[in-house]
Amino acid sequence: GGGGNYKNIIFGGGGGGYVKCRINVLNISALYIFVGQGGIVSNTTTTSNAWSGGGDGNGDSGYSGGGGGGLSGIFADFSFQSGSTIVDSTSTAIVIAGSGGGGLGLNTSFGSASNTDCAGGGGGNGDLWLNSKGANGGIGKIGSVKNGGGGKESEGGSGGIASSSGNDGGKYFGGDATNLFGGGGGSGWYGGGGGGLDTGIMYGGGGGSSYWGHDNVMILEQSGGSSGASGAGGNSGTATDYNKPAGIGNGGYNNTAG
């Protein structure tokens, strides 16, 4: 997720999840590989969604909001929603690595400097599903209803409920932040919710869920991205037997795309 900037304490966007698997392609005619765009940093009220399906993080001319990361995964077939770059819910995903939510910041005149609500949640950083075929997206502060919630197995993350509330995520897209300020939700199997807004505190977006539940998939390794923090973006999921290039999938910080 992208890292916005607001006032005294700035929090980074969440890192993207990591999934390694083996795909049996004997009965699959084509594979469509999606590489999601990093979360966009927006300093206007113009919609700025990362391709494909990253939630918009809103800001204004003085302060920027971090958007959620776009969809990364492999599909057996896909189509886009009419007039949109969001993947249609009828598309068949094989594997998806959840993307991180966008982060912002707070004004210490109104909030605590130790407040982590402004951080973006990590992609695939939540609980494993009971069927062990995916993992929920993360949230910047566990238990907060003002942050965007993480995407789940069968529903998108809830938009942050605050003075101005964010939007829910959905199948293959993250929710946009409140139309004032907030972090966008990361895309995923189900996307994270957009963050809300209270006076002086701009809440982070939730991370998208990861998925490896297709019948042709054998999971080898998976790891969720970490949530953003004060002074840094979250790291992407850890790979133990693959030399992952440095910085790939990490969350942004202080006006940096994720």
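**View A. Gly-69 sits in the loop between S5 and strand S6 (72–77).** This is a predicted model, in which local features need pLDDT of at least 70 and side-chain atom pairs count only at pLDDT 80 or more, while totals for chains, interfaces and linings use all residues. Residues are numbered from 1 along each chain as its sequence is written, and side-chain values use heavy atoms, with hydrogens and water left out. Strands here (E, at least two residues), like helices (H or I, at least four), are DSSP runs numbered from the N terminus. Gly-69 counts as buried because its relative accessibility is 5%; buried means under 20% relative accessible area, exposed over 50%, and partly exposed in between (1.4 Å probe, protein chains only). Gly-39 is 30 residues away in sequence, yet the two C-alpha atoms are 4.1 Å apart. Apart from residues up to four places away in sequence, Gly-69 touches Gly-1, Gln-37, Gly-38, Gly-39, Ala-50, Gly-54, Ser-99, Gly-100, Gly-186 and Ser-187, with contact meaning heavy atoms within 4.5 Å.

**View B. Leu-71 belongs to the largest nonpolar core.** A core of this kind is a set of buried Ala, Val, Leu, Ile, Met, Phe, Trp, Tyr and Cys residues joined through side-chain atoms within 4.5 Å. A second, separate core holds 10 residues, among them Val-19, Ala-76, Ile-94 and Val-217. In soluble globular proteins, nonpolar side chains tend to be buried together. Back at Leu-71, the contacts beyond four places in sequence include Phe-34, Val-87, Ile-96 and Tyr-172, and also Trp-51 and Ser-52.

**View C. A cis peptide bond joins Trp-51 to Ser-52.** Have a look at the omega angle here: it is near -10 degrees. Ser-52 belongs to the loop that runs between strand S4 (41–42) and strand S5 (65–66).

**View D. Tyr-32, Trp-51, Phe-78 and Phe-80 make a nonpolar surface patch.** The patch covers about 350 Å², with accessible areas taken from the Shrake-Rupley method and a 1.4 Å probe; for residues, only the protein chains shown count as cover. Patch members have over 30% relative accessible area and no salt bridge; like charges are joined within 9 Å, and nonpolar side chains (Val, Leu, Ile, Met, Phe, Trp, Tyr) within 5 Å. Tyr-32 is part of strand S3 (residues 32–34) and is partly exposed, because its relative accessibility is 36%.

**View E. Leu-31 is in the loop between strand S2 (18–23) and S3.** With a relative accessibility of 38%, Leu-31 is partly exposed. Skipping its neighbours within four places in sequence, Leu-31 is in contact with Val-25, Ile-74, Phe-75 and Ile-94. Gly-205 is another matter: 174 residues along the chain from Leu-31, with 30 Å between the C-alpha atoms.

**View F. Ser-132 and Tyr-172 show positive phi angles.** Ser-132 has phi near 60 degrees, though this residue is not a glycine. You'll find Ser-132 in the loop between strand S8 (105–106) and strand S9 (134–135), partly exposed at 45% relative accessibility. Tyr-172, also not a glycine, has a phi of about 70 degrees and lies in the loop between S9 and strand S10 (197–198). Tyr-172 is buried, because its relative accessible area is 0%.

**View G. Asp-198 and Lys-146 form a salt bridge.** The N to O distance is 2.7 Å. Asp-198 is in strand S10 and Lys-146 in the loop between S9 and S10, so the pair ties together parts 52 residues apart in sequence. Asp-198 is buried at 13% relative accessibility, whereas Lys-146 is partly exposed at 30%. Lys-146 also touches Gly-160, Ile-161, Ala-162, Gly-195, Gly-196 and Tyr-203, leaving out residues up to four places away in sequence.

**View H. Cys-21 and Cys-118 are picked out here.** Cys-21 is partly exposed, with 21% relative accessible area, whereas Cys-118 is buried at 0%. Searching the whole structure turns up zero disulfides, the criterion being a pair of cysteine sulfur atoms within 2.5 Å.

Methods: Salt bridge = Lys/Arg side-chain N within 4 Å of Asp/Glu carboxyl O.
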